[in-house]
Amino acid sequence: MTKMWRHKTKMVVIVLAWLIAMTPLLAACQGGAQNIGKQVTATPSPGSGEEFTVKTVSDNDGLGFVGVGGAIDGVRNPTLSAAEGTTVKVNLIDGDGSQHTISFPDFHATSQEVTKKDDQVSVTFTASKSGAFQYFCTLTGHKQAGMLGQLNVGTGTSQGATAEDVAHLPGDLPAPIGDREPQNIRVEMNIVEKEGQLDDGTTYTYWTFDGTVPGPFVRIREGDTVEVHLTNPPDATMTHSIDLHAVNGPGGGATVMQVAPGETKQFTFKALNPGLYVYHCATPSVAHHIAQGMYGMILVEPAGGLPPVDHEYYVMQGDVYTSQSFGTKGHLDFNAAGMMAEQPTYVVFNGEVGSLTTKHPLTAKVGETVRIYFGDGGPNLTSSFHVIGEIFDKVYPEGSLTSAPLTNVQTTTVAPGGATIVEFTVQVPGRYLLVDHALSRIEEGALGYLVVDGAANPDVFSAPEASATPAE
């Protein structure tokens, strides 16, 4: 027992001696660590945290996010900015009493839902990569209704693939012919195979007439003699052709207009029948060529011309088939199986998502008349064309200009390869939505805007500022 006690006492003495000897060094190390910690605290990394607050809104401009506080206060769908590596916190306030979320899908961050007015949720994530990224509400249709903004990280360079805008401008069409005698007309078109912008960050290989979807709007008069020239450049990958539904003759001209790369061909026809007609490529597989963007319209005006209107617009719907799912970034491939199953990935106006919304909306002023030449390129889907908030004063079904127009029409059916003409007067300011009333197609891209400016018209439409009564 005595030996054991002596051994323990010796060990305690040794440990105490070691601690006494090491005290200056330990103190120096501790002091160094404290100094380093104070240095980090005193000079934090720039951009180590960003916090934003947005509130949901539902008004005449649709749905949206509105900034709350700071530089984004009152800004609709504000652009948010953060340094790469920053921790970003976004607060979402329910300002309209409906269900909403806010999502930053590129960072795998989506908030919980707000479900009633003044509810608030937050989402936090690390801005781990540089670029320009979308944020939006994930509830069906809310993104398309306006709940869409941008987050710039670092330099804010856009992510995904970029290419040229292929959308034909809706207001780019020849002036009315009016009252003139028949003439000899020459129409020249060029085949352009090109990579174009299908959606934000998404590209697709288009085959086009003159580089746009749809191709040029051809405008002639009943009785004109028309000489059509079609050129296919030497670097084209395919033979292409043209079939004009306004032609009386085999294949609408396509039988003599199969144009190989490096060739130009021509034919002549007499315009016998007034109306609005589709044209398209008719080279097998015909549906494939159309799905790549090869369609447009030709208007044969009747003798004496059409009644004048304030605005004329050219809009065509088409279905696009890709191997990748809707919203995939990068370059997308054509999906032949999807086309044969008639299951498009995208349904678009004028060739691409956003062509008639963020890029080239239609415009008018209160009291003005609007005429829309609307066609369905297909190749497969029938369209139920509708302008939300408007009633068509006149509809020329099937594009017929020799039959009496229908009046006071809500929605008109347009078959693939078919066309219609609608006319209406805008009486109330606001943003009107052009849709295919098979409304799930909005989720696939089929959406356009008609933006109407002017004074309010309370005799036609009015709403109190606070018309909603909160539920008890």
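Helices (H or I, at least four residues) and strands (E, at least two) are DSSP runs numbered from the N terminus, and the legends below use these element names for a predicted model.

**Overview. The predicted model contains 3 helices and 29 strands.** Of the 472 residues in the protein, 46% are buried. Among contacts between residues at least 6 apart in sequence, 70% join residues at least 24 apart. The accessible surface of the protein comes to about 22300 Å², and carbon and sulfur atoms account for 54% of that area.

**Close-up 1. A salt bridge joins Asp 224 and Arg 180.** The closest N and O atoms of Asp 224 and Arg 180 are 2.8 Å apart. Because Asp 224 lies in the loop between β12 (218-221) and β13 (225-231), whereas Arg 180 lies in the loop between β9 (148-153) and β10 (184-199), the pair ties together parts that are 44 residues apart in sequence. Both partners, Asp 224 and Arg 180, are buried. As a general point, side chains of opposite charge can pair when their charged atoms come close. In the protein as a whole, the count of salt bridges comes to 13.

**Close-up 2. Glu 227 and Arg 186 meet through their side chains in a salt bridge, with an N to O distance of 3.2 Å.** Here the partners sit in strands, Glu 227 in β13 and Arg 186 in β10, so the pair ties together parts that are 41 residues apart in sequence. Glu 227 has a relative accessible area of 26% and is therefore partly exposed, in contrast to Asp 224 and Arg 180, which are buried.

**Close-up 3. The side chains of Asp 200 and Lys 329 form a salt bridge at 3.7 Å, N to O.** This pair links distant parts of the chain, with Asp 200 in the loop between β10 and β11 (202-209) and Lys 329 in the loop between β18 (311-320) and β19 (330-332), 129 residues apart. With a relative accessibility of 39%, Asp 200 counts as partly exposed, and Lys 329, with a relative accessibility of 36%, likewise counts as partly exposed.

**Close-up 4. A network of salt bridges links Arg 219, Glu 301, Glu 312, Arg 371 and Glu 423.** When residues up to four places away in sequence are left out, Arg 371 touches Leu 306, Pro 307, Val 309, His 311, Glu 312, Tyr 313, Ile 421, Val 422 and Glu 423.

**Close-up 5. Gly 131 is found in strand β8 (residues 131-136).** A relative accessibility of 0% places Gly 131 under the 20% limit, and therefore Gly 131 counts as buried. From C-alpha to C-alpha, Gly 131 and Leu 151 are 8.2 Å apart in space, while 20 residues separate Gly 131 from Leu 151 in sequence.

**Close-up 6. Cis peptide bonds occur from Val 213 to Pro 214 and between Pro 284 and Ser 285.** Most peptide bonds are trans. The bond from Val 213 to Pro 214 has omega near -10°, and Pro 214 has its place in the loop between β11 and β12. For the bond that joins Pro 284 and Ser 285, omega is about -10°; Ser 285 has its place in the loop between β16 (275-280) and α2 (286-291).

**Close-up 7. His 108 and Asn 350 have positive phi values although neither is a glycine.** Most residues other than glycine have a negative phi. For His 108, phi is about 55°, and the residue is found in the loop between β5 (103-104) and β6 (109-110). For Asn 350, phi is near 50°, and the residue is found in the loop between β20 (346-349) and β21 (362-365). The two residues contrast in accessibility: His 108 has a relative accessible area of 77% and is therefore exposed, whereas Asn 350 has a relative accessible area of 0% and is therefore buried.

Notes
Residues numbered from 1 in each chain as written. Predicted model: local features only at pLDDT ≥ 70, side-chain atom pairs only at ≥ 80, totals over all residues. Heavy atoms only, no water. Salt bridge = Lys/Arg side-chain N within 4 Å of Asp/Glu carboxyl O. Buried < 20%, exposed > 50% of the residue type's maximum accessible area, 1.4 Å probe, protein only. Contact = heavy atoms within 4.5 Å. Areas by Shrake-Rupley, 256 points an atom, 1.4 Å probe, with all protein chains shown as cover.
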